[in-house]
Amino acid sequence: MTSKNSEMSGSSPFKMRLVHLDLKGAPPKVCYLSEIFPLFRALGANGVLIEYEDMFPYEGHLRLLRAKHAYSPSEIKEILHLATLNELEVVPLVQTFGHMEFVLKHEALAHLREVARFPNTLNPHKEESLALVRAMIDQVMELHPGARWLHIGCDEVYYLGEGETSRQWLQQEPNSKAELCLSHMEAVASHVRARYPTTTPLMWDDMLRDIPEDQLSGSRVPQLVEPVLWDYGADLDLHGKALLVEKYRKSGFSWLWAASAFKGATGVNQSLTPIEHHLRNHLQWLQVAGSVPADTLRGIILTGWQRYDHFSVLCELLPVGIPSLAVCLQVLLHGDFAENVKARVENFLGISSLEEMSFRRYVTGWFSPYHRRRKLIHPVMIEHIQPQALSLLARWSALAGELEAALQHVFYPDTVEEWLEENVHPSLRRLQALLQDLGEAACPRQDSGQDP
């Protein structure tokens with residue numbers, strides 16, 4: 001680590017600061033990663049958590065998991081090389097329990113679902129399920145030799161206990177859903193520890209939160225994994241977080257991690273990142289870090305979700321979230337967002353403030369859907385709305401072409417198509433329809449003397 005990064009680490013309560021790359025949607029091309037890895041490092045990150053999902057080049061009987069544009073083994077090696085050049089430690093993430101849609105959606109593996117209808121969760125009772133995740137882990141670790149940490153997911157294990165085998169198992173005393181959960185986590189983490197002795201499993205903590213302290217400490221999970229406490233809200237329950245940390249420490253976990261969000265946590269179809277929300281989230285996590293013993297939190301993962309799950313729409317693209325990431329990383333380094341930190345971020349990224357337009361107010365107030373259906377509008381409002389709408393359409397049409405070219409530089413064709421279809425074309429069509437309605441409303445009406 002450079003002296004500059006050492007100094008930065010020394011001023012933050014989080015020694016490890018990992019930027020999360022969620023590749024289950026809009027995976028960036030490697031050439032774009034070569035551009036943003038130096039930025040990550042300059043802003044204060046010292047690692048990346050890569051959630052490959054279907055972008056990993058699985059081989060053999062797992063080859064069906066690959067996405068159309070999955071990275072090749074040589075591209076994975078290039079990503080690791082780029083990370084090393086920029087002194088970013090790579091932590092791979094492999095889902096092994098919940099969020100298994102990219103695996104269990106395939107007919108050949110559907111028999112391993114906990115609930116037959118839903119591809120979310122793996123059936124923990126079948127030996128084949130464990131063999132599957134072991135094979136996935138082994139293939140990922142083969143391309144990440146020497147990784148100090150491997151994240152095994154295990155969050156939001158929906159419908160656990162609702163499968164037929166689980167229902168029968170739970171009817172036997174003293175079996176419980178918590179025991180079912182812990183036993184699978186233990187089996188997965190034990191494989192990692194046995195096969196890769198220098199690699200420590202990380203795991204999202206939400207499935208552990210409601211498990212009693214004595215049941216946690218009675219399992220081997222605290223000796224095997226480091227849990228990641230995640231909360232992406234702008235108003236954390238600080239006291240509740242301190243109690244949770246205390247519970248985990250008493251249960252036997254040696255180290256804990258925090259997880260914040262710099263994007264992808266405020267709406268399933270969010271297209272612009274609300275920086276204020278994410279700034280507050282990080283300021284709150286700094287308060288949590290200041291309220292627990294210094295040797296408790298090993299680091300923080302700044303998550304940047306790209307889809308809420310495998311089947312949902314895209315939320316904010318990574319380039320859109322970069323200003324938020326810059327703010328969040330700088331806050332973690334400096335402890336606040338004072339004017340000098342704000343100026344530093346703005347100068348670094350070349351951000352300018354956005355002007356608020358009155359156009360939307362005119363349209364919603366004087367040419368609402370009610371008015372448009374009846375072709376009613378005050379003539380003065382036509383003069384306000386029409387020139388702005390025409391100008392906006394011209395600029396938006398030109399921008400759409402530039403945007404498409406820019407997206408093609410960063411993303412693969414399926415991402416470009418999805419983003420344009422979800423976020424660009426509908427706006428263009430709405431503007432075109434608005435102008436058509438304005439034109440019709442501006443024409444004299446035969447029944448203009450009648451009430452609407």
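Colleague: Which residue touches Leu23, Pro27 and Tyr412, among others, if residues up to four places away in sequence are not counted?

Modeller: In this predicted model, the list of partners also includes Pro28, Val30, Leu33, Tyr52, Met55, Pro57, Ile76 and Ile79. A contact here requires heavy atoms within 4.5 Å, and the residue that touches these partners is Tyr71.

Colleague: How many residues are in the largest nonpolar core?

Modeller: Tyr71 is one of the residues that touch the most other members of this core, together with Phe37, Phe40 and Met136. In soluble globular proteins, nonpolar side chains tend to be buried together. The number of residues in the largest nonpolar core is 120.

Colleague: And how many residues make up the second, separate core?

Modeller: Among the members of this second core are Leu18, Leu49, Val228 and Trp305. Its residue count is 16.

Colleague: Is strand β3 mostly covered or mostly uncovered?

Modeller: Strand β3 spans residues 89-93, and a residue counts as buried when its relative accessible area is under 20%. Four of the five residues in β3 are buried, so by that cut-off the strand is mostly covered.

Colleague: Which residue in β3 is the bridge partner of Ile50?

Modeller: Strand β2, residues 47-51, pairs with β3 in the parallel sense, and the pairing runs over five bridges. For Ile50, the bridge partner in β3 is Pro92.

Colleague: What percentage of the residues of the protein count as buried?

Modeller: The protein has 452 residues, and its secondary structure comes to 17 helices and eight strands. Of those 452 residues, the part that counts as buried is 51%.

Note on methods. Residues are numbered from 1 along each chain as its sequence is written. This is a predicted model: local features need pLDDT of at least 70, side-chain atom pairs count only at pLDDT 80 or more; totals for chains, interfaces and linings use all residues. Side-chain values use heavy atoms; hydrogens and water are left out. Helices (H or I, at least four residues) and strands (E, at least two) are DSSP runs, numbered from the N terminus. Buried means under 20% relative accessible area, exposed over 50%, partly exposed in between (1.4 Å probe, protein chains only). A nonpolar core is a set of buried Ala, Val, Leu, Ile, Met, Phe, Trp, Tyr and Cys residues joined through side-chain atoms within 4.5 Å. Two strands pair if DSSP finds at least two bridges between them.
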